[in-house]
Amino acid sequence: MVVVTDLPRCNPATRAWCLREWGAALRHGGADALHLMRVGPAQAQALATAVDVVSAKAAVGADAKAARDEAMKMCGTTGVFDSMVKLTLVLRPISYRVDLEHLNRRARSTKWRFEPLEVWGALGGGKGEKGRGTEIWRTSTGAVDQVQFEPLEV
């Protein structure tokens, strides 16, 4: 969910329906699911300070009740719900899920060539001393060997 605010006119954190939607986004997608557009630290603080699902306003009373009921269902108490939303707004956790998914898609289409490493390993390459930059590597066939990385001279 992308949140675009016009704080001088209205703080969406004071609106029951907005809080209900933000809670649903967090419940279904975690911190990844709630994105604040063009909200700096001061605006995030203004949003977070206003979060109070119990006193949130609604055009229809049933909407305010639905938001409170949803908060209770999701978190057990409205206070826990408010804290979850406030922390998300202020801390704005960063997720790398989208980046990792993109890298994994690219990696699936990559044609890896392990033959040079397999030949090098079969010839006894990479027999290093423990604790001296020795790393474990695994080839596509599952063979394990140690590779010695020497520092580069610059």
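Predicted model: local features only at pLDDT ≥ 70, side-chain atom pairs only at ≥ 80, totals over all residues.

**Stop one: a helix pair**

Select H2 (residues 41-50) and H4 (residues 78-91): their axes come within 8 Å and cross at roughly 175°. With a crossing angle over 145° counting as roughly antiparallel, H2 therefore runs roughly antiparallel to H4.

Now show side chains where the two touch. On H2, pick Ala44, Gln45, Leu47 and Ala48; on H4, pick Lys86, Leu89 and Val90. Colour them by class and this contact between H2 and H4 splits into 5 nonpolar residues, 1 polar and 1 charged.

**Stop two: a cavity**

How many cavities of 30 Å³ or more does a search of the whole structure find? The count is 1, and the largest cavity has a volume of about 30 Å³.

To see what surrounds the largest cavity, select its lining: Arg20, Gly23, Ala24, Arg27, Ala67, Glu70, Ala71, Met74 and Phe81. Helix H1 (16-29) and helix H3 (61-75) each contribute at least two of the lining residues. Colour this set by class too, and you get 5 nonpolar, 1 polar and 3 charged residues around the largest cavity.

**Last stop: the whole chain**

Zoom out and switch to cartoon. The chain has 6 helices and 4 strands, and reading from the N terminus the elements go β-α-β-α-α-α-α-α-β-β.

Key: Residues numbered from 1 in each chain as written. Heavy atoms only, no water. Axes fitted to C-alpha atoms, helices over the stretch in contact; angles between N-to-C directions. Parallel < 35°, antiparallel > 145°, perpendicular 65-115°, else oblique. Contact = heavy atoms within 4.5 Å. Nonpolar A, V, L, I, M, F, W, Y, C, P; charged D, E, K, R; others polar. 1 Å grid on protein atoms, 1.4 Å probe; cavity = no way out; pocket = protein on both sides within 12 Å on 5 of 7 lines; lining within 4 Å. Points joined across faces, edges and corners; volume = space filled by probe spheres on them.
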